[in-house]
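I opened the notebook to record a few look-ups in this model. Entries follow in the order I made them.

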Amino acid sequence: MVEKDTIVANATPLIPSAVGIVRISGEKALSIGKKLFSLPENLEERKVYFGKITDRKGDVIDEGLFVFFKAPRSFTGEDIVEIFPHGSVPVIKKIIEEAIFFGARIAEPGEFTKRAFLNGKIDLTQAEAIADLIEAKTEKASKAAVNLLEGKLSKKVKELRDTLLELVSLIEAEINFPEDVEEIDPDLIKANLEKVIMQIENLMKTYRQGQLIREGIKLAIVGKPNVGKSSLFNALIGYERAIVSNIKGTTRDFIEERLIIKGIPVKLLDTAGIRKTEDKIEKIGIQKALEKVNEADIVIFVFDASEGIDEQDLEIFEKIKNKNPIIVGNKSDLILDKNKKKYYFKDVILVSSKTLKNLDLLEEKILQELNLLEESDTDVYINLRHYESFKKAKDILSKIIKNFEFYIDQKEILMLEISEAEKNLEEITGQITTEDVLGNIFGKFCIGK
Ligand SMILES: Nc1nc2c(ncn2[C@@H]2O[C@H](COP(=O)(O)OP(=O)(O)OP(=O)(O)O)[C@@H](O)[C@H]2O)c(=O)[nH]1
Ligand SMILES: [Mg+2]
């Protein structure tokens with residue numbers, strides 16, 4: 001055990017609620033708990049007790065429940081006491097104050113989870129998953145966090161490490177006992193390294209999706225005036241947020257609203273119609289629209305499908321085509337003769353913001369473009385920290401493959417390089433770590449977790 005002192009914090013937020021939780025972890029947890037709570041002599045672990053919570057003078061603070069988790073069978077791996085008073089802010093504060101009086105100190109953010117990590121109860125990816133789970137805003141984000149928490153990434157990382165360690169030990173044996181051990185087939189080494197590289201690359205690809213699931217998508221709607229951008233915006237969010245009119249240049253400033261598309265949080269942006277104008281304010285709005293396009297993860301380019309595409313549309317498209325926009329022909333309800341229409345672009349989604357036709361198709365297309373459509377229970381999405389470690393490992397292994405002839409003649413160097421890549425993978429689960437990394441991860445937690 002690394003930390004010796006005993007910590008205390010509220011595990012539930014300080015807002016009036018039915019029940020609150022105060023958690024105490026460390027060597028003195030039980031003795032402090034006994035001073036705060038009237039308990040029977042033969043206290044059993046993992047059993048719920050009902051009773052009075054009292055302060056240092058013996059005055060009753062509240063009544064509530066009490067549970068004792070004996071080390072190492074607890075979240076932190078230390079003795080833990082949890083007291084459940086009513087969710088009254090002054091009551092919870094008072095219990096913490098008394099616990100401090102009896103010898104605990106207030107916990108730092110994430111300190112309970114940090115202790116769980118330091119005591120080997122969870123690895124680093126699982127600790128991060130707890131923070132993700134608490135922060136999750138949608139079911140999809142919480143599911144991804146639970147997958148991490150269950151150790152699905154840890155398991156994959158372990159498989160990769162095992163492959164590399166196996167290679168290292170084979171090469172080492174060959175170096176140390178050249179007479180007794182058969183030379184390893186270079187093709188076997190190469191094939192294994194290539195397999196590991198491929199699996200790392202697949203995991204690295206999940207970073208962007210993970211970021212979108214956790215933080216959400218930024219989606220900007222652009223096009224020339226009057227094509228129905230604001231109408232589409234309103235239709236997608238489900239209420240009349242933006243002003244709609246048949247006057248060109250209705251939207252001046254950009255408007256932002258949040259919605260959830262199939263479990264993914266989306267920040268939707270309606271922007272000013274782009275055209276040449278002398279109006280000073282409209283000009284600023286158009287400038288902003290183009291800036292928003294640049295910031296967006298994905299862009300919807302809207303034109304009026306009842307009129308078709310003209311020069312002005314194409315000029316706007318030129319400006320934003322590097323964003324690979326989804327092309328939407330709006331006002332499809334006004335199309336008179338469908339066979340006559342040619343829309344210049346190959347892939348056009350025809351919708352109507354008025355009748356709501358094909359909006360579901362548009363939503364699907366948005367997720368599809370970002371590779372977020374497939375659902376899978378085993379999904380793991382890596383974060384930036386994982387990504388960087390995977391990248392370091394991959395770069396080393398790719399270098400070996402590139403100069404394979406050299407390395408196969410220099411087995412010592414080969415062995416060292418593979419070990420180095422393996423160490424980068426260890427960083428992910430936290431076998432190797434630094435105070436900086438830990439500070440960074442646990443500092444992001446809320447108090448009491
Ligand atoms: N029939 C029909 N009319 C639509 C549809 N979408 C928008 N309109 C009409 O088209 C006009 C312009 O709509 P807006 O949503 O204000 O257009 P905008 O692209 O936001 O225009 P600016 O803000 O000026 O750039 C309004 O009169 C809308 O009622 C549609 O799908 N079908
Ligand atoms: Mg508008």
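Where is the place of Arg56? I found Arg56 in the loop between β4 (49–54) and β5 (60–69). I am working from a predicted model.

**Entry 1: Arg56.** I looked up its accessibility and got a relative accessible area of 41%, so Arg56 is partly exposed. Leaving out residues up to four places away in sequence, I listed what Arg56 touches: Glu97, Glu98, Phe101 and Phe102. For Phe102 I also took the C-alpha separation from Arg56, which is 8.2 Å, with the two residues 46 apart along the chain.

**Entry 2: the magnesium ion.** Which protein donors does the magnesium ion (ligand 2) have? I noted Ser230 through OG and Thr251 through OG1, lying 2.0 Å from the ion. Ser230 sits in helix α8 (residues 229–237) and Thr251 in the loop between α8 and β10 (255–261), so the pair ties together parts that are 21 residues apart in sequence. I then checked burial, for which the cut-off is under 20% relative accessible area. Ser230 is at 8%, so I logged this residue as buried. Thr251 is at 10% and therefore buried.

**Entry 3: α7 and α12.** I looked up how helix α7 (residues 186–215) lies against helix α12 (residues 384–402): the axes come within 9 Å and cross at roughly 150 degrees. Angles over 145 degrees count as roughly antiparallel, so α7 is roughly antiparallel to α12. The crossing of α7 past α12 is left-handed. By class, I have 14 nonpolar residues, one polar and five charged in the contact of α7 with α12. On the α7 side the contact residues include Leu193, Ile197, Ile200 and Tyr207. Among those in α12 are Tyr387, Phe390, Leu397 and Ile401.

**Entry 4: α6 and α14.** What is the angle at which helix α6 (residues 152–176) and helix α14 (residues 411–429) pack? I recorded about 160 degrees, with the axes 9 Å apart. The two helices, α6 and α14, are therefore roughly antiparallel to each other. I logged a left-handed crossing of α6 past α14. The contact of α6 with α14 has 15 nonpolar, three polar and seven charged residues.

**Entry 5: α11.** Which residues of helix α11 (residues 359–369) are buried? I listed Leu359, Leu362, Glu363, Lys365, Ile366 and Leu367. Just after α11, I noted that Asn371 takes a positive phi of about 55 degrees.

How values were computed:
Residues numbered from 1 in each chain as written. Chains lettered and ligands numbered in written order. Predicted model: local features only at pLDDT ≥ 70, side-chain atom pairs only at ≥ 80, totals over all residues. Heavy atoms only, no water. Axes fitted to C-alpha atoms, helices over the stretch in contact; angles between N-to-C directions. Helix = DSSP H or I, 4+ residues; strand = E, 2+ residues; numbered from the N terminus. Parallel < 35°, antiparallel > 145°, perpendicular 65-115°, else oblique. Left-handed = near helix turned anticlockwise from the far one by under 90°. Contact = heavy atoms within 4.5 Å. Nonpolar A, V, L, I, M, F, W, Y, C, P; charged D, E, K, R; others polar. Donors = N, O, S within 2.8 Å, 3.2 Å for Na, K, Ca; no water. Buried < 20%, exposed > 50% of the residue type's maximum accessible area, 1.4 Å probe, protein only.
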